[in-house]
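Biologist: Before I plan anything around this model, could you take me through how to read it, feature by feature?

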Amino acid sequence: MCLAIPARVVELLDDDMAVVAFDRVTKRISLALVADVSLGDFVLVHVGYALHKVSPEEAERTLQLMAEAGVLEEGLEEISA
Amino acid sequence: MSVDGRVSIDLVCDGGRVMEAIVTPPRPVALGPIVRARPVTEVISAIGSLFSVCSIAQSAASVEAAEAALEIGTDRRTKQARRLLVLTETLREHLLRIGLDTASLAGEPADGKTLRRSMRLPQRLKQALFPGGNAFVPGVCVGIPGADAAETAAEASHLTQSVVYEGEKPLGEMDRDAFAQWAMERGTIAARLIAPVLARGWAMIGHPETTNGGNEHLPKETSADTSCLARQAGAPLVRAFLSENGGAGLAARLAARVVEASTLPAQIAGGLAALRDVAEGSEVPTREVFRDENGGRSATAFAEAARGRLEHRIVLNDDRIADYAITAPTSIHFAESGIAASSLSALAASRREDLAVQADLLVRAIDPCVGYDIRLR
């Protein structure tokens, strides 16, 4: 899938893992592909991995685009899968 | 316009043999409401944000279609620079896929440090070629590449040697025995992925002609494959794993990936050097533009992403978007009767646990960045 959904890091775990949240959905993901992630950062999540950090503004803009396009549900599947 | 969502796969099994692979393709989603009547530059930017996994390939196809429809000549050097960015993104996807699959098969953590360095390659090159600017604005021109670009190309080469292959003889020119020998030496991450596949006798799994799986009825014409297998099918090593009619199993797909990855750093470095020789201001002919009776202009452009060919078709009316369509390879490869369905239906293993591992490897070998769920029934 070529959609990645922005989500906020709400907990940093051991072994390059973290818990991210979008709305009321949380997911345990890997931070293996991204350096220097801090609590509260927004990351793009794809198949269980954070791909990039994004600014809160970019995250909001992308979420708005996904909502307008009707693909936010796809993104939520990505988070909850 | 459609996007690639999550693919759902049901494997109907009899013991360890797949009798039928039921692939539910990505759900098409209309994006018309967000692009219609918007300015072209805004839509290109939105596409890059939405399709962030392969945003460079998506943006490159988008801007090239837009420049054609706007009848803006594309600067020759800029077109070449964008192509190099797409190649770098493709290399990144291959390195990630190889790194993650090797770790998954071995049941060990991935080499995070190497993967993180791989992740940065496309953005580093983009910054080096278009400092402070956007590579995907219609009419933009790239400058002469400096030291930053050369350093990124060197980093790409170093990472590829570490992850994929380092040797005098090109990987693509090896025969099967030499390839197996190279894999068994386990000198790179890719070799440690290939070695267990060959050792377990899994080279031909997923080859549609090796079993009498239940999907024999699938029409061949729907099996269009634009993945790296299609791009690298001429390499002797890849050809050695193909059947006479071009049928491919797991080893052919993995070989195509490592062969392509091993050649990309030289293409990137050579392309950067060639940029210096391109005359400033020279333009490549734009793609063909079609006009309708209402003054609308449409054009189509392509980009070869890691997973296959992306096609963007743009329709403009008064320089604003009237319609936009993307044809993505995932939708084709994972169509109900596409190559994934025919390959998965050919799986057979002595143990059901192996079947699940084989299916995972095969899906990711067909498409390095698809999100999917597999159920064994």
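Predicted model: local features only at pLDDT ≥ 70, side-chain atom pairs only at ≥ 80, totals over all residues.

Biologist: Where in chain A is confidence lowest, and where is it highest?

Modeller: For chain A the mean pLDDT is 86, with 86% of the residues at 70 or more. Within the chain, confidence is lowest in helix α2 (residues 72-80) of chain A, where the mean is 64, and highest in strand β1 (residues 5-12) of chain A, where it is 94.

Biologist: In what order do the elements of chain A run?

Modeller: Chain A holds two helices and five strands, and from the N terminus they run β-β-β-β-β-α-α. Among its contacts with a separation of 6 or more, 38% are between residues 24 or more positions apart.

Biologist: How should I read a sheet, and which strands of the sheet in chain B are the edge strands?

Modeller: In general, the strands of a sheet pair through backbone hydrogen bonds, in either a parallel or an antiparallel manner. In chain B, four strands form an open sheet in the order β5-β6-β7-β8, with antiparallel pairing. Its edge strands are β5 (290-291) and β8 (320-327) of chain B, each of which pairs on one side only.

Biologist: How many bridges join β6 to β7 of chain B?

Modeller: Strands β6 (residues 297-305) and β7 (residues 308-317) of chain B are antiparallel and are joined by nine bridges; Ala305(B), for example, stands opposite Gly308(B) in β7(B). Helix α3 (residues 55-70) of chain B packs on this sheet, touching β6 and β7 of chain B, and its direction makes about 155° with that of β6(B).

Key. Residues numbered from 1 in each chain as written. Chains lettered and ligands numbered in written order. pLDDT = per-residue confidence, 0-100. Contact = placed C-beta atoms within 7 Å. Pairing = 2+ DSSP bridges. Axes fitted to C-alpha atoms, helices over the stretch in contact; angles between N-to-C directions.
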